[in-house]
Amino acid sequence: MSRQQHFGWFLARGFGPQGWGYPSLDWDYDWTRPEIYQEAARTLEQAGFDLVIIEDAPSLGSADTIDLRVRHAFGGPKHDPLLLAPYLFQATRHLGVVPTVNPAAYLPYTAARQFATLQHLSGHRLGLNVVTDTGSARHFSDAAQLGHDEAYDRAEEWLDGIRSLWNSWEPDALVADRSTGVYADGSRMNPIRHRGEYYAFDGPLNALPFPNGEPAIVSPGGSGRGLGFAGANSDVQLALAPLHEASVRAYRAKIHDAAVAAGRRPSDIKVLFAIQPVITSSAEEADRIVAASAHPDEAALVQIARKQSSDLETDLTSLDLDQPIDLSVFGPHVSRGSIQRLIGDRGEDAPLRAHLSALARAGRISDRSGFVGTAEEFADLVEELGDWGNDGVLLWGDFHPVTLHRTLDELVPVLRRRGILRREYADGGLQANLHAF
Ligand SMILES: Cc1cc2nc3c(=O)[nH]c(=O)nc-3n(C[C@H](O)[C@H](O)[C@H](O)COP(=O)(O)O)c2cc1C
């Protein structure tokens, strides 16, 4: 029997215009209304997924590059995923819902109370994707702007503070005894007086404690500091790494070492590797897609240039495709790592066309050169990950019904037949499902 694994869906462009600009996705769904997300959440629950994670960036980015972000809707608008969560809870019974939150945006007391409320409303199905995006911080206050590592320090203080508030009621503080008429015992509440580096607040929290565990903490940061944060705090780590045995095992070992260093067990953290597969109905179809991707037409290159321009907040669409990129076009806000990912191993002298073409190029799952293939081929890959001890997979895409059905309709039965994907949910919410195996 294959190793059972956990499945998540990453709504990669957040709570925003679904499928904008892709003619095949032009179905006139209203992205500002809950229905399209509720339909997707029901589909994912039917499929047996543990959780859906909603990407977010609260900011439209640097003031002078906003047009690059909004013109084709790659970088905005985005509405607040925390406020979408209750609609998804209402449409489902078991699925975990994980909005992305940035500690710069919420004071700990407000956050602790809002998250507690959602954890109760949802039957313990809330998770929080904690990110430390430093570019958004300026919208919240001048003092909120920090460097990379300090943003992680703040996130740790924020989460510790929230957890102390969640635990500010002692286990027997809730009495609810009708015979004595006592609802709660105020002497069993910890007043909490937090005076830290970044926050100052008092408790106790005006919300009930959790009978079935706290909201699950999810983290995506892959730097040394990010892995340290995950080791100390997370229930789920979102991993981006080449899916070869050595790199999968090395990534998992780093997370496990970080957990042990923080006094936790390796099994306390589920590592989900992020993959965006293109599932085809035949090997021939997969071969055709891969062959066509080797020769992208101008329209495909322009679309990639637009997306990169939004993500890198740098206009690549006005550059000559047949010249190398002058690296001074990238402002100081663009990380070296992001530029390096664009340039790859082709080097700075290669023309822009070569970099964009490389991004267009797809590969076959069957020879491990990419992620285009049949459901059986993809299941082989996931099974192999399981053989290396992996906990799960994070499928990556939009929430459009067309995307979900193309990806899942053939895949789910194959994964189920092989025993990789759950058929039943555990009782008790997201934590119970994550720790059921
Ligand atoms: C799967 C995945 C999902 C992510 N989701 C978000 C997100 O929703 N919002 C965000 O600001 N950053 C997101 N990030 C970026 C990370 O939070 C982080 O900024 C980035 O990995 C750099 O952190 P690091 O230096 O610790 O790696 C995501 C990264 C990955 C790999």
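Which backbone atom lies 2.8 Å from a nitrogen atom of the ligand? A backbone N or O atom of Asp 56 does. The model is predicted: local features need pLDDT of at least 70, side-chain atom pairs count only at pLDDT 80 or more, and totals for chains, interfaces and linings use all residues. Residues are numbered from 1 along each chain as its sequence is written, and side-chain values use heavy atoms, without hydrogens or water.

**View 1. The ligand and its surroundings.** The ligand is surrounded by 17 residues (a heavy atom within 4 Å). Among the closest are His 148 and Ser 223. A polar side-chain atom of Tyr 152 lies 2.6 Å from a ligand oxygen. A polar backbone atom of Gly 222 is 2.8 Å from an oxygen atom of the ligand. The protein covers 77% of the 620 Å² of accessible area that the ligand has on its own (Shrake-Rupley method, 1.4 Å probe).

**View 2. Lys 270, buried without a salt bridge.** Lys 270 sits in strand E11 (residues 270-275) (strands are DSSP runs of at least two residues, helices of at least four, numbered from the N terminus). Lys 270 is buried (under 20% relative accessible area, 1.4 Å probe, protein chains only). The nearest side chain of opposite charge, Asp 391, is 4.7 Å away; a salt bridge needs a side-chain nitrogen of Lys or Arg within 4 Å of a carboxyl oxygen of Asp or Glu. A polar side-chain atom of Lys 270 lies 3.0 Å from the backbone oxygen of Phe 437.

View 3. Most residues other than glycine have a negative phi, and most peptide bonds are trans.

Key:
Buried means under 20% relative accessible area, exposed over 50%, partly exposed in between (1.4 Å probe, protein chains only). Lys and Arg count as positive and Asp and Glu as negative; His and the chain ends are not counted. A polar contact is a pair of N or O atoms within 3.5 Å; within protein, one must be able to donate a hydrogen and the other to accept it, and residues adjacent in sequence count only if both atoms are side-chain atoms.
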